[in-house]
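Here are some friendly questions to work through with the structure open beside you. Take your time and look for each answer yourself before reading on.

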Amino acid sequence: MNTPPFALHSNLMVLSPLILLAGSAVVVMLAAAFYRHPRPVMMLTLAGLVLSFASLFLSQGAGSPQVTALLVLDHYALFFIGLIVAATFVVVVLCYRYFGGDESRHEALYILLLLAALGGGVLVASSHFASFLLGLELLSISLFALIAYPRFTERPLEAGIKYLILAGFSSAFLLFGMALIYAQLGTMQFAQIGALPAVFERGLDAYGLAGLSLILVGAGFKLALVPFHMWTPDVYEGAPAPISAFIATVSKGAMLAMLLRYFVVADAHQSQSVVMALSLIAVVTILAGNLLALRQDNIKRILAYSSIAQLGYLLVGFLAFGAMAVEAVAYYLAAYFVTMLGAFGVVTVLSRGTPEQDSDMLNEYAGLFWRRPWLAGVFTAMLLSLAGIPLTMGFIGKFYVLIAAVGASLWLLVIVLAVGSAMGLYYYLRIIAVMCAHGSEAVTGQMAAPKVKASLAESFTLAVLALLLIWLGVYPDPLIRMLETTAVHLA
Amino acid sequence: MILSTLIFILVAGGMLSWVVERWRPGSAKWVALTTVGIELLLTIWLWLQSASAMALPAHGGWLAELRAEWIPRFGVSFHLAMDGISLILVVLTAFLGVVSVACSWTEIQERAGFFYLNLLWTLAGAVGVFLALDLFLFFFFWELMLVPMYFMIAIWGHEKRQYASIKFFIFTEGSGLFMLVAILALVFVHYRSTGVLTFDYFELLNTAMSPSTELWIMLGFFIAFAVKTPIVPFHTWLPDAHTEAPTAGSVILAGVLLKTGAYGLLRFVVPLFPQAAGYFAPVAMALGAIGILYGAFLAFAQTDFKRLVAYTSVSHLGFAVVGIFAWNPWSLGGAVMQMIAHGVSTGALFVIAGILQERTHTRDMHRFGGVWGIMPRLAAMGLFFAIAALGLPGMGNFVGEFLVLMGLSRVNSVLASVAAVAFVTSVVYALALVQKIFHGENTQGWQLHDLSGREMATLYSMAAITLWLGLYPQPVLDAAPSIANRPPAIAVAHREGNAE
């Protein structure tokens, strides 16, 4: 710590979003220990999230964004913390009825969610390998427990163990990569890595390059990029639906935001071989994600493969580098958050509760349009957004990524993105087609699907997500303006 | 203002018919009819208003324009404008809108509110496509009209509706993505040479490009329009989609959606890439000519009424493609004429197919026969539109095909003579259609009631328009020539028009 003491106050102010998240985790834990009722605990959690979100505005401009060598809460970090906190808010709302409402004892879930959100927040604000690892582990460890939360059922446990093993591996890769880079460069701060004279121009030696690629492998696991994607469909399928939403959004989004910062700040894109490797991964990810989704019959698996493909699209924007790339990735991530939360939200609302009985088979959605038109409408909007059809955020996001990629003349990636999106249409349309089936097929759907009534909070959340999706899809200007300042501060 | 109203009315009418159906079942069709009726009146009023303005070259042929900021970050504006060609296509869209509401009147019983929502939104998307002059906005409408069309086929379609609707959507949407990439490439080429990021049509018109870049970008646009028009190797979605769609869907597909492809070629491909379109024209014309013959041959081989008509569309739109790429005043006038005439006559054939299917629940031509004896009014209209489709003089299609061939023969007489063979082949399929359905023995013992007043009104008005187009085509041809000016002239004239 080399910060002068008088800066302590402003540093605390700057850190307030993270401090509040950590604080509310403690408060929620204490509350749950003394008063075991889910409702007040959930309310406290929501209040903590709201406070943390509000403090983003306090933090902005309260002082120098660099707090110690570890964390930097610039506009970029604040934007993503905001996104993470908002996504966690939605997940908390979705969890409440799903896990049994006031009748069951699921208070610990909220503590874990808050901790995971804190991990994500630290991750996007990290400017040093130490904080990077710290954030990542905080996120991963909370996620093991979250995935396997319904611990008396088989599928979540299996998914939790799968995730545990693979996340352990990926952390090991990351650590080893960091060690190698440190061995060569003697620093763990991103900015200093970038400032070292022409590290990447001269070309890293074998150590450094190995380190960088190990970091990419570790990140690839977290982001479920092909060929590190094997765990994704199983974990998404096994985890409780709202938790799948959390993994798809917060965990992946935080990692990608952190990786983008690292690449931009440390100038890693100067290394030809890294860019080549990433381009290859992007191509394979888009194609494999879309191809594997084509023959699935389980909605959660389709969404898992679709999220793999979406990460591939994001990587295309990522590879454009520069200010436009940051904006494109940020917009796309925001769109992706809204869409994935909405899609998994619908699955959650339709499910009875325990993940053994999640409504995730395609045939349970037959004729949903005629049974529950609003829910089916929201789901359709989300799927069309994933497919990148106009009027939705997904379209503007894809457009943004394409603009960034065309601006950087990444023709191969652009063509692959177009081909991948065309393939993707098939499985999104398949779900929509099933939902608007009528006649005999719809009857089987009615038989198969459990009749669950959505709570008011759930309906409200889904409605807000759908409105946001369309509003920012038709008039994206406010968000774009915000992102422009974000990008300027990073690049 | 009037331009956004044209789109807004349809969007609002669609919403309203959906809401109203929930209150009072059976009222959606009235709302829909009123909406398209107002739309038609507005467009006709615009046409009458503009008849004098179109004659004035000072306006560069642009009758109305609207421009507003939309996404300044990308240089995207909400830019609508209307010239003669947009105007007549919008009139066609509104007219076929009325027809399609009328022909769904008894066919659509279930979920009628949602049906009319989709129908009107498809029309709104198509009107948007015909009016948009910002490439982003154009793409926006282009993709947007597909979604409600998809729902129309997927929900109210016939037996193989799922297959047909998904195929339709993937073909058109997937090819649209290539167009999006091409649009972005064009915009960035323009951005690099001028430093202005814009999607505006007029700004992009004279972008300097190397010939190979121009060719690649043009191909991106061409593929999207070729799928939609459809030009031959890209046509396979069309027979399925047309056959499986409900009657109104077939009418809108054939009459309006296919025209957006031809319109795209006319409005964007040739003017934006004049040189590349120049090299590419022989290929495109050859594809068009192949489409004319291939469509006609396949039409003859069909046993499904709607499938037959679908293949005739491939053949007829081939003329439009050939006419556009021949790019001289005759062929262009002919292409526009062909688009309008085909929209009406093929729409009418689909209405007839729909009427027969509604009564007999089959489209298989082997099961028909002797319909003339039991439904003389329908049979007469069937004969009328069949000979309109074969291009009998006095009907609109003849004028279009004749002008296209006249223009084409100046450019490429070999292709012109190949295309002229279509006059023979179209006689074969059209007469075979009449023969199989209306003549012969009534082997199945059909007892069907003839046209109702609503059906008669629909078909007679379509017949009247076909005759009018054939006997007095001048109003349509007057509207068309503004595009026949050389492309740069369009932009120059527009700038002068703005300066006033």
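Q: In strand 2 of chain B, which residue is the bridge partner of Ile71(B)?
A: Keep in mind that this is a predicted model. Strand 1 (residues 62-71) and strand 2 of chain B pair in the antiparallel sense over eight bridges. Within strand 2 of chain B, the partner of Ile71(B) is Val76(B).

Q: Which residue in the hairpin of strand 1 and strand 2 of chain B takes a positive phi near 65 degrees?
A: This hairpin has four residues between the strands. The positive phi near 65 degrees belongs to Gly75(B).

Q: How many of the eight residues of strand 2 of chain B are buried?
A: Strand 2 of chain B covers residues 76-83 and is mostly covered. Of its eight residues, the number buried is seven.

Q: How confident is the predictor in chain B, and what is the average pLDDT?
A: In chain B, 94% of the residues score at least 70. Over residues 486-500 of chain B, however, the pLDDT is below 50, and beyond near neighbours in sequence this stretch has 22 contacts in the model. For the model, the scores are ipTM 0.88 and pTM 0.91. The average pLDDT of chain B is 85.

Q: Why is chain B as compact as a globular protein of that length, and what is its radius of gyration?
A: Chain B has 22 helices and two strands. For 500 residues the globule rule gives 23 Å, and chain B comes close to this, so it is as compact as a globular protein of that length. The radius of gyration of chain B is 22 Å.

Q: What radius of gyration does chain A have?
A: Chain A has 21 helices and two strands, and its C-alpha trace spans about 70 × 55 × 40 Å along its principal axes. With 491 residues, a compact globule would have a radius of gyration near 23 Å, and the value for chain A agrees. That value is 22 Å.

Q: Which helix of chain B gives the largest share of the side that touches chain A?
A: The contact takes 24 residues from chain B and 20 residues from chain A. On the chain B side, helix 5 (135-144), helix 6 (146-156) and helix 7 (161-194) each supply at least two residues. The largest share, 14 residues, comes from helix 7 of chain B.

Q: How do the residues of the side of chain B that touches chain A divide into nonpolar, polar and charged?
A: There are 24 residues on the chain B side of the contact. They divide into 18 nonpolar, three polar and three charged.

Q: Why is helix 10 of chain A largely enclosed, and how many of its eight residues are buried?
A: Among the elements covering the buried residues of helix 10 of chain A are helix 5 (129-147) and helix 13 (299-319) of chain A. The buried residues themselves are Thr232(A), Pro233(A), Val235(A), Tyr236(A), Glu237(A) and Gly238(A). Helix 10 (residues 231-238) is largely enclosed by the rest of the structure because the number of its residues that are buried is six.

Q: Is Leu260(A) buried or exposed?
A: Leu260(A) is found in helix 11 of chain A, and it touches Phe318(A), Val326(A) and Val329(A), not counting residues up to four places away in sequence. A residue needs 20 or more other C-beta atoms within 10 Å to be buried. Leu260(A) has 23 such neighbours, so it counts as buried.

Q: How far apart are the C-alpha atoms of Gly218(A) and Leu175(A)?
A: Gly218(A) is found in helix 9 (residues 206-223) of chain A and is buried, with 25 other C-beta atoms within 10 Å. Gly218(A) and Leu175(A) are 43 residues apart along the chain. The separation of their C-alpha atoms is 8.6 Å.

Notes: Residues numbered from 1 in each chain as written. Chains lettered and ligands numbered in written order. Predicted model: local features only at pLDDT ≥ 70, side-chain atom pairs only at ≥ 80, totals over all residues. Rg over C-alpha atoms; globule rule 2.2 N^0.38 Å. Contact = placed C-beta atoms within 7 Å. Nonpolar A, V, L, I, M, F, W, Y, C, P; charged D, E, K, R; others polar. Buried ≥ 20, exposed ≤ 12 C-beta atoms within 10 Å, placed from the backbone. pLDDT = per-residue confidence, 0-100. Pairing = 2+ DSSP bridges.
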